[in-house]
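Here's a protein to look around in. Take a moment with the sequence and the fold, and then we'll walk through them together.

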Amino acid sequence: MPLKILIIYSVLFAALLGSNPLYAFNLPKHFSSADLPNPPLFAPPSGTVQQHPTTSLKNKNGISDKHVLLKSYHNWKGVKYRLGGDSRRGIDCSAFTRRMAKEFSVHLPRTTAAQMRSGQKITKQQLKVGDLVFFKTSRQDRHVGIYIGDDQFIHASRKKGVITSSMNNTYWMTRYETSVRVIG
């Protein structure tokens, strides 16, 4: 048995002995997927949930980082809200999240309702940088933003334009509806 395969099996066995067999781990860069046996040997049991990446958005260079997301946000910071808007002259919440996701090579639909159906629903406790957060602002209206960690999200606010807000703010806390992870 080649040494690389033996090492891979050893690492996998050690991971299985841990408290959670689904923990992700990184193999050294010199290993390639060609070194791995058939993928079904490593697939988790059906019905189990695989661990998710730290961030769900990755930029065109494959970088998945809060700082990259915030840099994109700063290009939009302060742009006024305009219902139906999709430019720096005015933008609404779903157009903003769509534009931000596009910077990370992720395609989102145009409307908040469609974005809500565009990925895997997750709980508030599962939120990671780059996840979409949805709020029910009236009987018919919903609002969407992008989670940036530490209970903060970026969005196009009707009153203040593109800003960051706290999910712990009473207004947003009482209107929180769901979260979605969209992986590009």
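Which residues in helix 3 are buried? They are C93, S94, A95, F96, T97, M100 and A101. Keep in mind that what you're looking at is a predicted model.

Now for a bit of helix background. An α-helix has 3.6 residues a turn, so residues three or four places apart point the same way.

What happens just after helix 3? There, S105 takes a positive phi of about 60 degrees.

**The whole chain**

Let's zoom out. The protein chain has 5 helices and 8 strands. If you start at the N terminus and read along, the order of elements is α-α-β-β-α-α-β-β-β-β-β-α-β. Here are some overall values for the chain:

| Item | Value |
|---|---|
| Buried part of the 184 residues of the protein chain | 38% |
| Accessible surface of the protein chain | about 11,400 Å² |
| Part of that surface belonging to carbon and sulfur atoms | 53% |
| Contacts joining residues at least 24 apart, among those between residues at least 6 apart in sequence | 54% |

**A look at D92**

Next, find D92. You'll see it in the loop between strand 2 (90-91) and helix 3 (93-103). Is D92 buried or exposed? With a relative accessible area of 6%, D92 counts as buried, because the cut-off for that word is under 20%.

So who are the partners of D92? Leaving out residues up to four places away in sequence, D92 touches Y81, R82, L83, G84, G85, R110 and A156. G84 turns up again when you look at the side chain of D92, which reaches the backbone nitrogen of G84 at 3.0 Å.

**The second largest pocket**

One more stop: the second largest pocket, which holds about 360 Å³ of space. Of the 14 residues that line this pocket, S157, R158, K159, Y171 and W172 are the closest to its centre. Strand 5 (142-149), strand 7 (161-166) and helix 5 (170-175) are the elements that give two or more residues to the lining. Which element gives the most to the lining of the second largest pocket? That's strand 7, with 3 residues.

What kinds of residues make up this lining? The lining of the second largest pocket divides into 3 nonpolar, 6 polar and 5 charged residues.

Terms used:
Residues numbered from 1 in each chain as written. Predicted model: local features only at pLDDT ≥ 70, side-chain atom pairs only at ≥ 80, totals over all residues. Heavy atoms only, no water. Helix = DSSP H or I, 4+ residues; strand = E, 2+ residues; numbered from the N terminus. Buried < 20%, exposed > 50% of the residue type's maximum accessible area, 1.4 Å probe, protein only. Polar contact = N/O pair within 3.5 Å; in protein donor to acceptor, adjacent residues only side chain to side chain. Contact = heavy atoms within 4.5 Å. 1 Å grid on protein atoms, 1.4 Å probe; cavity = no way out; pocket = protein on both sides within 12 Å on 5 of 7 lines; lining within 4 Å. Points joined across faces, edges and corners; volume = space filled by probe spheres on them. Nonpolar A, V, L, I, M, F, W, Y, C, P; charged D, E, K, R; others polar. Areas by Shrake-Rupley, 256 points an atom, 1.4 Å probe, with all protein chains shown as cover.
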